[in-house]
Amino acid sequence: MDTVSDWVSFGGDLSVHEHESETLGCNMRFAVFEPPQSSDEPVPVLWYLSGLTCNWSNVMEKGGLQRKASELGVMIVAPDTSPRGDDVADDEAYDLGQGAGFYLTATQEPWAKHYKMDQYIMEELPSVIRSNFAADMRRQSIFGHSMGGHGALVLALRNPGHFRSVSAFSPIVAPSQVPWGEKAFSAYLGDDKDAWEEWDACELVRKTQLETTILIDQGEDDQFLEEQLKPRLFEEACREAGQSLAIRMRPGYDHSYYFISTFMDDHIMHHAKALYG
């Protein structure tokens, strides 16, 4: 693991690192915010998964997370959103290929060789974090935005008990029913829609419920709300399944980091309560 950049922020340390990923078969970058408490003892870990076209930098530079994470003693890890590199399959469109890994394991060529983002986040990267940072891996939570909100919900539901809490900003909750998901799933998983259900939060919550309350914030002026996000589908699925859900519709807010940064403190407090409770 090589350190690319390192800054002091709110008494903690924000650093960017690069390593060779055996899972993905390419070099990967990720960012870590270590609160000042990590100088004295291991601290719990909160994973943040970003959306389409993004990488580690979006939330660390625009999310406004450092102050509250420093205050509450929470380490935040921000992986990239897909494998990267000249040898990694890509597409000219922004919503497929590099920058658009959808946090799943692809089964179709040419994607299957590299696109295993769920394995990377659940297995390989935690090992890197455990070996190089003062992280208490017994206490982990996860959240994300848009495609990353999809990833947070799906990884939590596919691995019940692994994360103490889960939340999302404007997540893609029903990828099997919206254009972003239909395009990505067709490419990565093929035409078998039964396989799609294993990566669809609305389908997963009908089979597995979490003991924690899922928190979602959604802007009512989000330009993708009606076509791509459809949070009411997840609300209905949770109600039918008996899953505890707190969904907050925010008037006037869109899909941007102006929205995310406004409610970032709420989400970090939500997770800190679970991580330290």
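Start in the loop between β5 and α3, which is where Tyr103 sits. This is a predicted model, and in it Tyr103 has a phi near 55°, a positive value in a residue other than glycine. Tyr103 is also buried, with a relative accessible area of 1%.

- Most residues other than glycine have a negative phi, and most peptide bonds are trans.
- Keep that in mind for Tyr103, where phi is positive, near 55°.
- Pro110 belongs to the loop between β5 and α3 as well, and the peptide bond leading from Glu109 to Pro110 is cis, with omega near 5°.
- His114 is another residue to look up here, in the loop between β5 (75-78) and α3 (117-132).
- Is His114 buried or exposed? His114 has a relative accessible area of 4%, and the cut-off for buried is under 20%, so His114 counts as buried.
- What does His114 touch, once residues up to four places away in sequence are left out? Its contacts are Leu24, Gly25, Pro83, Asp87, Val88 and Ala89.

**The sheet**

- Nine strands make up an open sheet with mixed pairing, and if you walk across it the order is β1-β2-β3-β5-β4-β6-β7-β8-β9.
- At the edges you'll find β1 (2-9) and β9 (245-250), each pairing on one side only.
- On average, neighbouring strands of this sheet are turned by 20° against each other, direction ignored.
- For an antiparallel pair, look at β2 (residues 12-21) and β3 (residues 26-34), which are joined over nine bridges.
- To find your place in that pair, take Val16, which stands opposite Ala31 in β3.

**Strand β6 and what surrounds it**

- On one side, β6 pairs with β4 in the parallel sense over seven bridges, and here Leu46 stands opposite Ser141 in β6.
- β6 also pairs with β7, again in the parallel sense, over four bridges; Ile142 has Val166 in β7 as its bridge partner.
- Why can β6 be called largely enclosed by the rest of the structure? Because 10 of the 11 residues of β6 are buried.
- Helix α4 (residues 147-158) packs on the sheet and touches β4 (43-49), β6 (135-145), β7 (166-169) and β8 (214-219).
- The direction of α4 makes about 135° with that of β6.

**The largest pocket**

- Rolling a probe the size of a water molecule over the atoms shows where empty space is left.
- The largest pocket has a volume of about 220 Å³.
- Which residues of its lining are closest to the centre? Out of 15 lining residues, they are Leu52, Thr53, His145, Phe224 and His255.
- Sorted by kind, the lining has six nonpolar, seven polar and two charged residues.

**Thr53, a residue of the pocket lining**

- Thr53, one of the residues closest to the pocket centre, is in the loop between β4 and α1 (56-62).
- The phi of Thr53 is near 75°, which is positive in a residue other than glycine.

Technical notes:
Residues numbered from 1 in each chain as written. Predicted model: local features only at pLDDT ≥ 70, side-chain atom pairs only at ≥ 80, totals over all residues. Heavy atoms only, no water. Pairing = 2+ DSSP bridges. Helix = DSSP H or I, 4+ residues; strand = E, 2+ residues; numbered from the N terminus. Axes fitted to C-alpha atoms, helices over the stretch in contact; angles between N-to-C directions. Contact = heavy atoms within 4.5 Å. 1 Å grid on protein atoms, 1.4 Å probe; cavity = no way out; pocket = protein on both sides within 12 Å on 5 of 7 lines; lining within 4 Å. Points joined across faces, edges and corners; volume = space filled by probe spheres on them. Nonpolar A, V, L, I, M, F, W, Y, C, P; charged D, E, K, R; others polar. Buried < 20%, exposed > 50% of the residue type's maximum accessible area, 1.4 Å probe, protein only.
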